[in-house]
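Open your viewer and get ready to click around with me. At each stop I'll tell you what to select, and then what is there.

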Amino acid sequence: MNVFMIFRVAVRAIWRNKTRSALTMLGIIFGIAAVIVVLAIGRGASLNMVAEISKMGNNMVMIFSEQRHAAAGVRGAAGEGQSLTASDGLAIRRELSHLVQAVTPEVRTQMQVVYAEKNWSTTVYGCSTEFSTIRNWDVVEGSFFDELEEKQCARVCLIGRTVATNLFPNDDPVGRTIRIGNMPFKVKGVMGVKGVGGFGQDQDDAVLAPYTTVKRVLQASKFPDNVRHIKLSLYSMDQLDEAKREIGLLLRQRHRLADDDDDDFRIIDMAEITSTMSAVSSTMTVLLAAVAAISLLVGGIGIMNIMLVSVTERIREIGLRMAIGATPANILGQFILEAVVLSTLGGALGVALGVAGAQTIGNLQGWPILVEPSSAIGAFLFSAFVGMFFGFYPAWRASRLNPIDCLRYE
Amino acid sequence: MEHLIEIRDLRKIYAIGEEPVAALDGVSLTIENGEFVAIMGASGSGKSTMLNILGCLDTPTSGSYLLDGIEVARRSRSELARIRNQKLGFIFQNFNLLARTTAIENVELPDFYLGRLGRSARRARARALLERVGLGGRGTHTPAQLSGGQQQRVAIARALMNEPPVLFADEPTGNLDTKSSIEIMNLFTELSNEGITIVMVTHEDDIAAYAKRHLVMRDGHLIKDDGGRGATALPVGISVGGAA
């Protein structure tokens, strides 16, 4: 008896009890559909997050100053250290130019900006001329400040779209003078729309000015060279490890750290942030998938239940088949295959329902959805496994039956 | 010479409660190729146990059973299944056709497990067998659409599918009216005349009369064997009827 014939017998047995088979399959259908939907939403969300994060910068690496860990005493928050300087950034630019294509120090300060009768509270970023390259953020009107303006601590700035909308609802901002704090600044240009960042902040609510101007003029800092952090852009992420090592060595040297001293800075790349965020979303996906898997388990038990009923119901058929030559293995195969056909049919319908469901939810909620072929195939194969696993016991019981008892069964 | 069936001192002991009960208590017997044998006896005489063991559906507690020269008394379930498939045909009192399955597919079934014929050869043979039992035009009917007599004929066609040397029939007319019973027994007679060995269990004298050799059992013993010498009349004092 070949597999195709057993398959036909199985399909026919299922077809004869259409309603019962359909109801039995429902458990598997919903289980598989739930797995597909959850994975599609989870994968979509995490890919979207990765895309958002990489939008923040172009092969970007960040260096934060960090207080050296003293054995005791007060410790500051991350980025609160005073060790990092704009000169460090310039040194990296100079010494590691084979790896690093752009560097900007970054300082931030929350300021009130005023134009005519309008005012707006926003974050003023002090940066270098290369900021635009590093952040992948272009000027759409006017132009960026130049190196001379940076060197001279010129009172010039660029404004984000949100600031532009609030201060200049009707006018063209380029060339106008706004006040930041109490200082007049000339608006050199308007930045393009950057949108909502990976952490939910409005990236367009910003004013950009040369870091020299922010430190010396706006903040009137006693340590004008100290900066909050340095952002830089590598030529290639393939050189990330090399770049991190080289930067570390250079900074340790510049900061005159002894061999057994801890770093007084921390180098963070986007991959690190991305993997952290992905880990969070993966955890959620795993949890939800576990819930879906439990529903598959329940579906599998449903199949086992109905197969046990089916074996009892068809006990005379089993007896007859054995009497005319079916071996225990034939009977075992027949009932396992029947369970597998039932579960894979449910699995296929579940995959279809899951894909359709995921697309619908994505469209309705505006969520990014990603149905990976591997998850669809995996779910389908798993449904086959469920059928095999839960079909085995009823099939084994059927194969152990005694033909005489079966034939006498009323 | 080689016998088709040769059993020696066959015993089947059932442990019912404390007391072991011998359904077969040392039966020896040979059946030759082409014989038409009726096994008779009251209910509980051991005739069904005898047929089950001869039909390789059950195994004896002790003794030997040579079928076509092969010892089959102690074989695994799978081996017995293969022997049943190739050497034996079964005909049951209640027909045992697969419901909601057409007559022709019921007839094809033994070859599903043997796999001797290809798809079209199997269909052709099944059709020829249906023709042979007089159901030429009924191949696509399901058992529910056939009368009892017709269903039993489908069952006979099925039993012949793998060309077994011997047919076992367990009360083949038990569920049939007189007219159908006569038709079935005539068919058996024809098959017997063609050289097929038939071993039939019955408790009806007029059905047994179609057979050429008569065995009578009582309490697990073979108490009479007319050896096929044409004696259809049963000895006085042996009642074989009564059990419905």
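One term before we set off: two residues are in contact if their C-beta atoms, placed from the backbone, lie within 7 Å. You're looking at a predicted model, so local features need pLDDT of at least 70 and side-chain atom pairs count only at pLDDT 80 or more, while totals for chains, interfaces and linings use all residues. Residues are numbered from 1 along each chain as its sequence is written, with chains lettered from A and ligands numbered from 1 in the order in which they are written.

**Stop 1: B:Ile198.** Select B:Ile198 and show what surrounds it. Leaving out residues up to four places away in sequence, B:Ile198 touches B:Phe36, B:Val37, B:Leu167, B:Ala169, B:Phe188, B:Leu191 and B:Ser192.

Now widen the view to the core. A residue is buried if 20 or more other C-beta atoms lie within 10 Å of its own, exposed if 12 or fewer, and partly exposed in between, with C-beta atoms placed from the backbone. A nonpolar core is a set of buried Ala, Val, Leu, Ile, Met, Phe, Trp, Tyr and Cys residues joined through C-beta atoms within 7 Å. The largest such core has 122 residues, and those with the most contacts inside it are A:Ile36, B:Val37, B:Ile39 and B:Ile198. Which helix gives the most to this core? Color α2 of chain A (residues 18-55): this helix contributes 14 residues, the most of any element. (Helices, H or I and at least four residues, and strands, E and at least two, are DSSP runs numbered from the N terminus.) There's also a second, separate core of 54 residues, including A:Phe145 and A:Ile247.

**Stop 2: chain B as a whole.** Of its 244 residues, 46% are buried.

**Stop 3: a sheet in chain B.** Four strands of chain B make an open, antiparallel sheet in the order β2-β1-β4-β5. Which strands stand at the edges? They are β2 (19-31) and β5 (70-71) of chain B; each has a single partner strand, so one side of each is left without a neighbour in the sheet. Strands count as paired if DSSP finds at least two bridges between them. Zoom in on β1 (residues 5-16) of chain B, which pairs with β2(B) over 10 bridges. Click B:Tyr14, and you'll see B:Val21 of β2(B) opposite.

**Stop 4: a covered helix.** Select residues 47-54 of chain B, which form helix α1. Are its residues buried or exposed? Eight of its eight residues are buried, B:Lys47 and B:Leu54 among them. Just after α1(B), look for B:Cys56, which takes a positive phi of about 60°.

**Stop 5: where the chains meet.** Bring chain A back: 20 residues of chain B are in contact with 19 residues of chain A. On the chain B side, α2 (77-87) and α3 (103-114) each give two or more residues, and α2(B) gives the most, with six.

**Stop 6: A:Val3.** A:Val3 sits in helix α1 (residues 3-16) of chain A. A:Val3 counts as exposed because it has 9 C-beta neighbours inside 10 Å.

**Last stop: confidence.** Color by pLDDT, the predictor's confidence in each residue, from 0 to 100. Chain B averages 88, with 93% of its residues at 70 or more. Over residues 231-244 of chain B the pLDDT is below 50. For the complex, the predictor gives an ipTM of 0.89 and a pTM of 0.70.
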